[in-house]
Amino acid sequence: RLEQSGRSGIRIAVTDARCQGFKSQAFDEILSNSTLDHFSNRKDLLTSLRELHRVLKPGGLLIVTLDNPWNPVVWVRNLLPYRLLKRLGIIPYYMGVTLSRPALIGALESVGFKVADSTVIVHSPRILAIWAGSFLEKTGWKGIKRCFIKLLGAIELMERLPTKDLTGYFVAVKAVKPYLPKRA
């Protein structure tokens with residue numbers, strides 16, 4: 001399904017990530033922002049990575065993020081039943097399988113990507129940050145809101161620490177689809 005988005009000229013397509021309705025080598029760049037970690041099994045996630053490879057042009061760039069299973073909060077959340085988490089208002093949608101940073105790199109390389117960079121992102125405690133941000137937005141306390149934003153920025157400096165793989169909520173990988181060698 002293809003939709004036009006207002007005056008911006010951006011077109012939005014809705015398709016199954018496992019079997020995308022696009023021709024091969026259709027895109028120069030693809031951003032998959034925490035979308036593939038909602039499948040109930042690893043096979044579907046890997047099938048989706050193969051599809052991303054298929055629809056990306058040679059030399060094209062893929063940025064993909066997944067929930068970080070090494071983050072203790074994510075790890076515990078993934079152990080708890082979805083119905084309980086939804087009833088408590090912790091997550092509004094199903095959270096499925098995910099891959100650690102090394103596993104995601106391996107999966108991308110196995111389908112033909114060359115990984116250019118990887119890291120973990122978003123180190124602020126998400127549930128508390130969302131709750132506090134929402135509360136401060138409603139109160140209109142601009143001074144406290146500015147201090148809170150500075151605090152969140154300081155927490156993000158944890159990316160520089162050797163423990164970043166435990167504190168980041170998402171793994172992020174930048175990968176390139178290599179050019180095919182020219183035939184002689």
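**Close-up views of a predicted model**

View 1. Helix H5 (residues 126–139) comprises 14 residues and extends 20 Å from its first C-alpha to its last, close to the 20 Å expected at 1.5 Å a residue. The model shown here and in the views that follow is predicted. Ala129, Ala132 and Leu136 are the buried residues of H5. Because these residues cover an arc of only 75 degrees around the axis, they lie on the same side of H5. An α-helix has 3.6 residues a turn, so residues three or four places apart point the same way.

View 2. Helix H6 (142–155) is the element against which the buried residues of H5 pack. These buried residues are Ala129, Ala132 and Leu136. After H5 comes Gly140, which has a positive phi, near 80 degrees.

**View 3. The second largest pocket.** The volume of the second largest pocket is about 450 Å³. This pocket is lined by 22 residues, of which Arg77, Ile90, Ile91, Arg126 and Ile127 are the closest to its centre. Helix H2 (72–79) and H5 are the elements that give two or more residues to the lining.

View 4. Glu51 is part of helix H1 (residues 42–55). With a relative accessible area of 13%, Glu51 falls under the 20% limit and is therefore buried. A polar atom of the Glu51 side chain lies 2.8 Å from the backbone nitrogen of Gln20. Apart from its neighbours within four places in sequence, Glu51 is in contact with Ala17, Arg18, Cys19 and Gln20.

**View 5. The whole chain, for orientation.** The chain contains 7 helices and 6 strands, arranged along the sequence in the pattern β-β-β-α-β-α-α-α-β-α-α-α-β. Its C-alpha trace spans about 65 × 45 × 35 Å along the principal axes. Of the 184 residues in the chain, 33% are buried. Among contacts in the chain with a separation of 6 or more, 78% are between residues 24 or more positions apart.

Conventions: Residues are numbered from 1 along each chain as its sequence is written. This is a predicted model: local features need pLDDT of at least 70, side-chain atom pairs count only at pLDDT 80 or more; totals for chains, interfaces and linings use all residues. Side-chain values use heavy atoms; hydrogens and water are left out. Helices (H or I, at least four residues) and strands (E, at least two) are DSSP runs, numbered from the N terminus. Buried means under 20% relative accessible area, exposed over 50%, partly exposed in between (1.4 Å probe, protein chains only). A polar contact is a pair of N or O atoms within 3.5 Å; within protein, one must be able to donate a hydrogen and the other to accept it, and residues adjacent in sequence count only if both atoms are side-chain atoms. Contact means heavy atoms within 4.5 Å. The expected span of a helix is 1.5 Å times one less than its number of residues. The arc is that of the directions from the helix axis to the C-beta atoms. On a 1 Å grid over the protein atoms alone, a cavity is a set of points where a 1.4 Å probe fits but cannot get out, and a pocket is an open set with protein on both sides within 12 Å along at least five of seven lines; lining residues have an atom within 4 Å of a point. Grid points are joined across faces, edges and corners, and a volume is the space filled by probe spheres set on the points.
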